[in-house]
Amino acid sequence: MACIEARGLRKSFGTTVALDGINLRVEEGRILGLIGPNGAGKTTALNAILGLTPYQGKLRVLGRDPWAERDRLMQDVCFISDVAVLPRWIKVSQALDYVAGVHPRFNRAKAESFLAKTTINRASKVRELSKGMVTQLHLALVMAIDARLLVLDEPTLGLDILYRKQFYDSLLNDYFDRSRTIVVTTHQVEEIQHVLTDVMFINRGRIVFDCSMEEVESRYLEVMVHPEQIAAARALKPMNERQGFGRSILLFDLKVAHVDRKQLAAFGAVHTPSIADLFVAVLGDRSGSPAGQAPVNYEGAPR
Amino acid sequence: MNTQSNAMPESHLETQVVAPAEISGTRRLYWSLRRELWEYRSIYVAPLAVAALILFGFLISTIHLREKMRNALTLSPMQQQQLIAQPYNFAALLIMFTTLVVAVFYCLDALHGERRDRSILFWKSLPVSDLTAVLAKASIPLVVLPLVTFSITLVTQLIMLLLSTMVLLGDGPGVAMLWAQLPLFQISLLLLYHLFTVHSLWYAPFFGWLLLVSGWARRAPFLWAGLPLLAIGIVEKIAFNTSHFAAMLEYRLGGSAEAVIAPGTVPMDPMTHVTPGHFLSNPGLWLGLAIFAAFLAAAVRLRRYQGPI
């Protein structure tokens, strides 16, 4: 059974279309990165999946209709929507008590042992904790829940690099196994690239790219082309061209360009593109703006 | 008969086996209530503070207690009772007023605060339905605050009685008169009756309205709670030159005595004021409760749609 399945998922706010007929399927055991510029519909899509907003079209999460059965669904789904949602007045011990009180799958001992590795005081209120500690607390609560789907919407926004790294390390080492599914959105694409099994780009309410990481590695290549060979390389129809290290870097979709790795290696050094470069290439292409220019600032843009 | 009594425990056992990790609705409601008490500590702190203030004032007043009791000896038993009961009634009145104010402010913030501080996203990430959450919030003014009021008032009055007894001890017949004439049981019973009839059931539509506004307004729920009522009254006055709406509000707010207490009771015997039959047969009560239920249903629905503001 697919963990998340959507067909023709639509949502509009007045005349603004936030989701324009999305089809998607996320299998169990995947870690999907949902990447898109601000206002692309990422959060709307996640809100629909979490039963926080009504929608048109068909959507099933773990076999349930999220809007109709949010409270039932939340026994199997966890989410961290961004760092600032834990109520500021709550004490750490109260948060543990409450989640243990209402959630049948919460393992309090697990949460306690995770907290023991941090400097968080059980008697502190959330308002007394630093931003990083609040995220650690929220993560401790969520990781102690035996859920089947974890949704993370910008979970590390505003955290320093140490906390960000720790966050994803804990998630991978202490939480993830093949029976769970994680969906994550973030602007810090490069930091989660090695974590993901799948990646999806969303722009203007549509999914413009949907690919597993294995496929990304086998299908897309970047070549740092020697200046004298640039014309020949361009003739092979790269997806995108950008400048770096004084060279032109061309990004190829091997399937579309009908070339293989060997042919491209003749033009210069080849490597797998980063998600960020792929994102720029795909979105630059779709929005009709010249290749090589990002239509929007996708990295660390303020919300 | 036999098959029936056999079938019951079996089916009970079955449900236990099928769902070992289930958490009952009551348990979720209980934790939702505790969460309200954690957040809104004024629910018990405010009446406790007022109780402390009352006791402090009463302690000072005991300086003249012996003298007062000696003078009271010459009065009729009825007057003695009134004189002795007066501070106890006053304490109950003050604490009741406090919790009523707390209830109004609580209701206006209950569904607004969680959206303002975005914590609604955290609450909604847990398997607690909007109905449970809103019911927990509604039961604060309807059940919790009356119980808090009653307990704190009773304890305050007992401490007052204890203080008076200590002061009067060894000073003639004062203690005997105090214990003979103070109708503490009656005062308590009347208080409990009053709290659950008037503050809880009779005022329920107001609390429902406040909760609804708190769940709906993006800002200034206090204004939104009051202005529409004022607007309806003004429009009615201008359009029809009547004031039925204002009269209805006034009856709901101030006319509780005639709804709760049957006419023709003896004012000097408070126990005759407890007339639940009269209260329960008042159609106004049931109309009010129906309006309350409608407001609450709307608040539940709103919470489902609302996100952080």
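Predicted model: local features only at pLDDT ≥ 70, side-chain atom pairs only at ≥ 80, totals over all residues.
## Chain B as a whole

The secondary structure of chain B consists of 16 helices and zero strands. The chain has 309 residues, and 33% of them count as buried. Sequence separation can also be considered. Among contacts in chain B between residues at least 6 apart in sequence, 83% join residues that are at least 24 apart.

## Two packed helices in chain B

Within chain B, helix H4 (residues 65-72) packs against helix H8 (residues 130-168) at an angle of about 85 degrees, and their axes are 9 Å apart. Angles of 65 to 115 degrees count as roughly perpendicular, and H4(B) and H8(B) are therefore roughly perpendicular to each other. On the side of H4(B), the contact is made by B:Leu65, B:Arg66 and B:Met69, while H8(B) contributes B:Ser164, B:Val167 and B:Leu168. By class, the residues of this contact between H4(B) and H8(B) are four nonpolar, one polar and one charged.

## The contact between the chains

The contact between the two chains takes 24 residues from chain A and 21 residues from chain B. On the side of chain B that touches chain A, the elements giving two or more residues are helix H2 (25-39) and helix H7 (120-123) of chain B. H2(B) provides the largest share of that side, with six residues. The side of chain B that touches chain A is made up of nine nonpolar, four polar and eight charged residues.

## The two domains of chain A

Chain A is divided into domain 1 (2-204) and domain 2 (214-286). Taken over C-alpha atoms, the centres of these two domains of chain A are separated by 34 Å. The contact between them takes seven residues from domain 1 of chain A and eight residues from domain 2 of chain A.

On the side of domain 1 of chain A that touches domain 2 of chain A, helix H7 (189-192) and strand S8 (198-203) of chain A each supply at least two residues. The largest share of that side, three residues, comes from S8(A). In terms of class, the side of domain 1 of chain A that touches domain 2 of chain A has four nonpolar residues, two polar residues and one charged residue.

## The largest nonpolar core

In soluble globular proteins, nonpolar side chains tend to be buried together. In this model, the largest nonpolar core has 148 residues, and those touching the most other members are A:Val77, A:Val151, B:Phe207 and B:Leu211. H8(B) gives the largest share of this core, 12 residues. From chain A, the core draws at least three residues from each of domain 1 (2-204) and domain 2 (214-286).

Which residues are in contact with A:Val151, leaving aside its neighbours within four places in sequence? They are A:Leu46, A:Ile49, A:Leu50, A:Val77, A:Phe79 and A:Val183. One of these, A:Val77, is also among the residues that touch the most other members of the core.

## Two buried leucines in chain A

A:Leu62 lies in the loop between strand S4 (56-61) and helix H2 (70-73) of chain A. Its phi is near 50 degrees, a positive value in a residue other than glycine. Is A:Leu62 buried or exposed? A residue with 20 or more other C-beta atoms within 10 Å is buried; A:Leu62 has 21 C-beta neighbours inside 10 Å and therefore counts as buried.

A:Leu73 is found in helix H2 of chain A. Because A:Leu73 has 21 C-beta neighbours inside 10 Å, it counts as buried. Leaving aside its neighbours within four places in sequence, A:Leu73 is in contact with A:Gly51, A:Val61, A:Leu62, A:Arg64 and A:Pro66. A:Leu73 and A:Val61 are 12 residues apart in sequence, and their C-alpha atoms are 8.0 Å apart in space.

## Two exposed residues in chain B

B:Leu230 is located in helix H12 (residues 221-240) of chain B. A residue is exposed if 12 or fewer other C-beta atoms lie within 10 Å of its own, so B:Leu230, with 11 C-beta neighbours inside 10 Å, counts as exposed. The C-alpha atoms of B:Leu230 and B:Thr149 are separated by 30 Å, and the two residues are 81 residues apart along the chain.

B:Asn241 is placed in the loop between H12 and helix H13 (244-254) of chain B. The phi of B:Asn241 is near 55 degrees, a positive value in a residue other than glycine. With 7 C-beta neighbours inside 10 Å, B:Asn241 counts as exposed.

How values were computed:
Residues numbered from 1 in each chain as written. Chains lettered and ligands numbered in written order. Axes fitted to C-alpha atoms, helices over the stretch in contact; angles between N-to-C directions. Helix = DSSP H or I, 4+ residues; strand = E, 2+ residues; numbered from the N terminus. Parallel < 35°, antiparallel > 145°, perpendicular 65-115°, else oblique. Nonpolar A, V, L, I, M, F, W, Y, C, P; charged D, E, K, R; others polar. Core = buried A, V, L, I, M, F, W, Y, C linked by C-beta atoms within 7 Å. Domains from an automatic or database assignment.
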